[in-house]
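Here is a short briefing for someone meeting this structure for the first time. Look over the sequence and the model, then read on.

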Amino acid sequence: MTVPESALAEQLNSSLRHIVLMLRRVSADQAITSQQLSVLGSLEHGPCRMTELAAEHGVRLPTMTAQINRLERDGLVERGRDGSDARVVTAALTAAGRERLAAGRAQRIGFLTERFAALTDEERAAVAAALPALDKLFTAP
């Protein structure tokens, strides 16, 4: 039986909401918010332009600037300039930012590992089988 796209979209939307809220609760005792942790994750592979960060996170530039201000104040990121255009502001992780990102990620992975342990082998296999389709869904243009 084929599930209509709209019904599937509605179910996935509901599941994603629950997942996001659950992961936020897991991270609630962290010194930074889950949104700030997400920004740190965006900087994991190197400096990024502020405009690119804002676009990736679906926020306006002033909102991202405020996030970066807080992260910079806490010593987790540092501002820089783009080598090809000195007018462009970039953000990069500091060593403390990498440590905070690793700690936050470890906490989430640990929580998810416990949750997966409660599933049957078949349920874990079903989740694993769905991951390539989810990756395709979320990386599609």
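This is a predicted model: local features need pLDDT of at least 70, side-chain atom pairs count only at pLDDT 80 or more; totals for chains, interfaces and linings use all residues.

Residues are numbered from 1 along each chain as its sequence is written, and side-chain values use heavy atoms, with hydrogens and water left out.

**Helix H2 and Gln36**

- Gln36 sits in helix H2, which spans residues 34–42. Helices (H or I, at least four residues) and strands (E, at least two) are DSSP runs, numbered from the N terminus.
- Gln36 is buried, at a relative accessible area of 6%. Buried means under 20% relative accessible area, exposed means over 50%, and partly exposed lies in between (1.4 Å probe, protein chains only).
- The buried residues of H2 are Ser34, Gln36, Leu37, Val39, Leu40 and Ser42.
- Cover for these buried residues comes from elements including helix H1 (5–26), helix H3 (50–57), strand E2 (77–82) and helix H5 (95–117).
- Leaving aside residues up to four places away in sequence, Gln36 touches Gln67, Arg70 and Leu71. Contact means heavy atoms within 4.5 Å.

**Helix pairs**

- The axes of H2 and H4 come within 11 Å and cross at roughly 90°. Axes are lines fitted to C-alpha atoms, for helices over the stretch in contact, and angles run from 0 to 180 degrees between N-to-C directions.
- H2 and H4 are therefore roughly perpendicular to each other; that label covers angles of 65 to 115 degrees, while under 35 counts as roughly parallel, over 145 as roughly antiparallel and the rest as oblique.
- From H2, Gln35, Gln36, Val39 and Leu40 meet Met64, Gln67, Ile68, Arg70 and Leu71 of H4.
- By class, the contact of H2 with H4 has five nonpolar, three polar and one charged residues. Ala, Val, Leu, Ile, Met, Phe, Trp, Tyr, Cys and Pro count as nonpolar, Asp, Glu, Lys and Arg as charged, and the others, Gly among them, as polar.
- The axes of H3 and H4 come within 9 Å and cross at roughly 105°. That makes H3 roughly perpendicular to H4.
- Met50, Thr51, Leu53, Ala54 and His57 of H3 meet Leu61, Met64, Thr65 and Ile68 of H4. This contact has six nonpolar, three polar and no charged residues.

**Salt bridges**

- The model has four salt bridges. Each is a side-chain nitrogen of Lys or Arg within 4 Å of a carboxyl oxygen of Asp or Glu.
- One of them joins Arg79 and Glu72 at 2.4 Å, N to O. Arg79 is partly exposed at 30%, and Glu72 is partly exposed at 32%.
- Another joins Arg73 and Asp74 at 3.1 Å, N to O. Arg73 is exposed at 61%, whereas Asp74 is partly exposed at 37%.
- Arg124 pairs with Asp121, with their closest N and O atoms 2.4 Å apart. These two lie three residues apart in helix H6 (residues 121–139), so about one helical turn separates Arg124 and Asp121.
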